[in-house]
Amino acid sequence: MNPSNKKLGNLFEKEFCEILGQHGFWVHNLTQNASGQPADVIAVRNGQAYLIDCKVCSNDKFALSRIEENQYFAMNLWEDCGNPACLFAFKTSEGIYIMNTHGIKVVKQRRQYARLVDIKTYGETLEEWLS
């Protein structure tokens with residue numbers, strides 16, 4: 001990821017955390033480290049915890065190869081521990097969309113990129129998810 005993409009990603013993580021905080025979530029933006037982590041944000045509301053990875057979709061598509069194997073393993077373990085499906089927050093030209101790992105897996109079986117139409121089909125708008 002080049003520096004400008006990293007900066008865009010960091011800005012989106014901050015924006016996303018602020019939005020969730022305004023909607024009654026306790027939110028923690030996970031610090032990047034050398035070995036990586038499975039997601040960017042942990043958010044909790046009404047006793048329900050969510051593990052969320054934030055992605056900026058340049059040209060309204062996201063290369064699914066950018067989701068690393070360690071992320072899949074950690075996210076599967078998160079879900080195996082009784083938590084809800086992990087989420088991806090996609091920032092697109094049409095707004096922020098939320099898609100769970102099950103939607104990602106469906107799209108990945110069909111193509112290498114999640115296009116805006118896929119994100120809309122297998123995800124929901126941030127507003128829908130927040131309600």
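Helices, taken as runs of at least four residues in DSSP state H or I, and strands, taken as runs of at least two residues in state E, are numbered from the N terminus. The views below show a predicted model.

**View 1. Helix α2 and the residue that follows.** Helix α2 is made up of 12 residues, 69-80, and spans 16 Å from its first C-alpha to its last, which is close to the 16 Å expected at 1.5 Å a residue. Q71, Y72, M75, W78 and E79 are the buried residues of this helix, and because they cover an arc of only 125 degrees around the axis, they lie on the same side of α2. F73, L77 and D80, by contrast, are exposed on the other side of the helix. The cover over the buried residues of α2 includes strand β3 (48-56), strand β5 (87-92) and helix α3 (101-110). After α2 comes G82, a residue whose phi is positive, near 95 degrees.

**View 2. The largest nonpolar core.** This core holds 20 residues, of which F62, L64, I67, F90, I104 and I119 touch the most other members. Two or more residues are given to this core by each of β3, α2, β5, β6, α3 and α4 (116-122), and the largest share, three residues, comes from α2. Apart from this core lies another one, of 18 residues, with F16, C17, L20 and I96 among them. In soluble globular proteins, nonpolar side chains tend to be buried together.

**View 3. The surroundings of I104.** If neighbours within four places in sequence are left aside, I104 is in contact with L64, I67, Y72, F88, F90 and M99.

**View 4. The aromatic pair in helix α1.** The model has six aromatic pairs, one of which is formed by F12 and F16, whose rings are tilted, with 6.0 Å centre to centre and 55 degrees between the planes. F12 and F16 are separated by about one helical turn, because they stand four residues apart in helix α1 (residues 3-22). With a relative accessibility of 2%, which is under the 20% limit, F12 counts as buried, and F16, at 0%, counts as buried too.

View 5. Together with W129, F25 and Y50 form one aromatic cluster.

**View 6. N100 in strand β6.** N100 belongs to strand β6, which runs over residues 95-100, and with a relative accessible area of 27% this residue is partly exposed. A polar atom of the N100 side chain lies 3.0 Å from the backbone nitrogen of H102. Not counting residues up to four places away in sequence, N100 touches A85, C86 and L87. The C-alpha atom of N100 is separated by 10 Å from that of Y50, although the two residues are 50 residues apart along the chain.

Notes:
Residues numbered from 1 in each chain as written. Predicted model: local features only at pLDDT ≥ 70, side-chain atom pairs only at ≥ 80, totals over all residues. Heavy atoms only, no water. Buried < 20%, exposed > 50% of the residue type's maximum accessible area, 1.4 Å probe, protein only. Contact = heavy atoms within 4.5 Å. Polar contact = N/O pair within 3.5 Å; in protein donor to acceptor, adjacent residues only side chain to side chain. Expected span 1.5 Å × (residues − 1). Arc of directions from axis to C-beta. Core = buried A, V, L, I, M, F, W, Y, C linked by side-chain atoms within 4.5 Å. Phe/Tyr/Trp six-rings, centres within 6.5 Å; stacked < 30°, edge-to-face > 60°.
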